[in-house]
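Let's take a walk through this model together. Have the sequence and the 3D view at hand as we go.

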Amino acid sequence: MAERGETSSAVGNDAAQVPFTSAQKISKRPKYSRFTQQELPACKPILTPGWVITAFILVGVVFIPIGLASLLASKRVVEIVDRYDEDCIPQSFKNKTLGYMQDDKTNKTCTRSLVVPKLMKSPIYVYYQLSNFYQNHRRYVKSRSDQQLRSKDGEWKTTNCEPESLVGDKGPIVPCGLIAWSLFNDTYKFSVNDTRLDVNKNNIAWDSDRKHKFGSDVYPKNFQSGGLIGGAKLNSSIPLSEQEDLIVWMRTAALPTFRKLYGKIEHDLEANKTITVTIQNNYNTYDFEGKKHLVLSTASWIGGKNDFLGVAYLAVGGICLFSAIAFILVYVLVPRPLGDPSYLSWNRNPAGRWK
């Protein structure tokens with residue numbers, strides 16, 4: 001009993017030495033700051049009918065002229081679009097297009113005639129357009145090696161390139177991956193009145209791609225040397241930085257229908273002239289029901305033909321002007337007194353702190 005009494009006495013003495021007070025509680029409340037409490041000086045405009053109507057009129061006045069200018073510029077662009085994948089299949093192969101494309105002995109040359117609707121001033125941009133081709137598929141987009149494309153030291157960096165990464169004992173494929181393997185390989189030759197039109201294929205790729213993404217010391221190696229050929233072959237004596245068809249193709253498209261630049265015709269084409277196009281129909285889109293178009297187009301200050309931009313500006317500008325007129329009529333015919341701004345919380349208590 002004595003021991004138990006001594007122990008309780010000792011505990012009581014210790015508790016007496018450390019008195020408990022409410023001030024010693026740890027507060028979870030954050031330290032007050034005008035910044036965290038959003039009490040710093042700020043502009044708090046009041047949207048009166050006058051301000052709203054003025055804003056709508058201003059947007060309408062700015063957007064409508066821009067829309068008209070964009071639409072007129074788009075209308076001045078001359079564009080020729082010709083689908084050739086169906087007509088370039090011989091009648092005897094209409095029901096076996098895949099066999100026709102895979103047979104190396106069949107003649108895949110196709111001749112098309114295009115009529116120039118209006119004067120086309122140089123440069124005339126030549127595009128190929130593919131439809132139902134999903135370059136944005138995750139596995140397809142990842143099937144490349146940027147390290148290999150940039151530098152010779154990354155030749156063996158082919159982890160993401162399966163199944164087009166290695167060729168047996170010959171080493172890595174350069175460039176590797178499904179994107180490069182499926183390189184577009186249709187070719188076009190143009191003539192007017194038996195006079196050949198040269199297609200300039202220089203500077204058709206982005207400068208940033210040529211200078212920073214494709215190395216001048218990287219050369220094709222073991223490319224399209226396997227049992228299954230996917231698309232065009234590359235000249236093994238020319239570095240990748242100068243193979244602009246490949247560079248254009250490697251910039252994958254976001255949508256299943258896309259155009260890629262093939263080259264430029266640097267001659268004016270007079271109206272009603274007939275362009276003879278000799279096509280080598282090599283690229284197989286029939287297996288996935290794809291479509292191929294040849295596109296010849298001039299350009300304006302907004303680029304190619306694009307009516308949507310002008311229509312969008314006109315639509316937004318017109319809606320804003322219509323809304324402004326409607327607000328004016330409501331404000332005049334059914335006026336409503338404004339509230340007193342002095343009753344707003346930030347005016348009643350400028351410091352912003354509630355007591």
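This is a predicted model: local features need pLDDT of at least 70, side-chain atom pairs count only at pLDDT 80 or more; totals for chains, interfaces and linings use all residues.

Start with C88 and C110, whose sulfur atoms are joined at an S to S distance of 2.1 Å. This link is left-handed, with -70° about the S-S bond. C88 sits in the loop between β1 and α3 (97–102), while C110 belongs to strand β2 (residues 109–115), so the bond ties together parts that are 22 residues apart in sequence. C88 has a relative accessible area of 5% and is buried; C110, at 8%, counts as buried too.

Now move along to C161 and C176, which form a disulfide with sulfur atoms 2.0 Å apart. Here C161 and C176 are each in the loop between α5 (146–150) and α6 (178–181), 15 residues apart. Both C161 and C176 are buried.

Next, look for the open sheet, where five strands are arranged in the order β1-β9-β3-β7-β6 with antiparallel pairing. β1 (79–83) and β6 (199–200) stand at the edges with a single partner strand each, so one side of each has no neighbour in the sheet.

Finally, an unreviewed UniProt entry lists residues 51–73 and 311–334 under "transmembrane region". In the model, residues 51–73 are 100% helix, with end C-alpha atoms 33 Å apart. Residues 311–334 are 96% helix, and their end C-alpha atoms lie 34 Å apart.

Conventions: Residues are numbered from 1 along each chain as its sequence is written. Side-chain values use heavy atoms; hydrogens and water are left out. Two strands pair if DSSP finds at least two bridges between them. Helices (H or I, at least four residues) and strands (E, at least two) are DSSP runs, numbered from the N terminus. UniProt positions are given in the numbering used here, feature names are shortened, and annotations may be inferred rather than shown by experiment. A disulfide is a pair of cysteine sulfur atoms within 2.5 Å. Buried means under 20% relative accessible area, exposed over 50%, partly exposed in between (1.4 Å probe, protein chains only).
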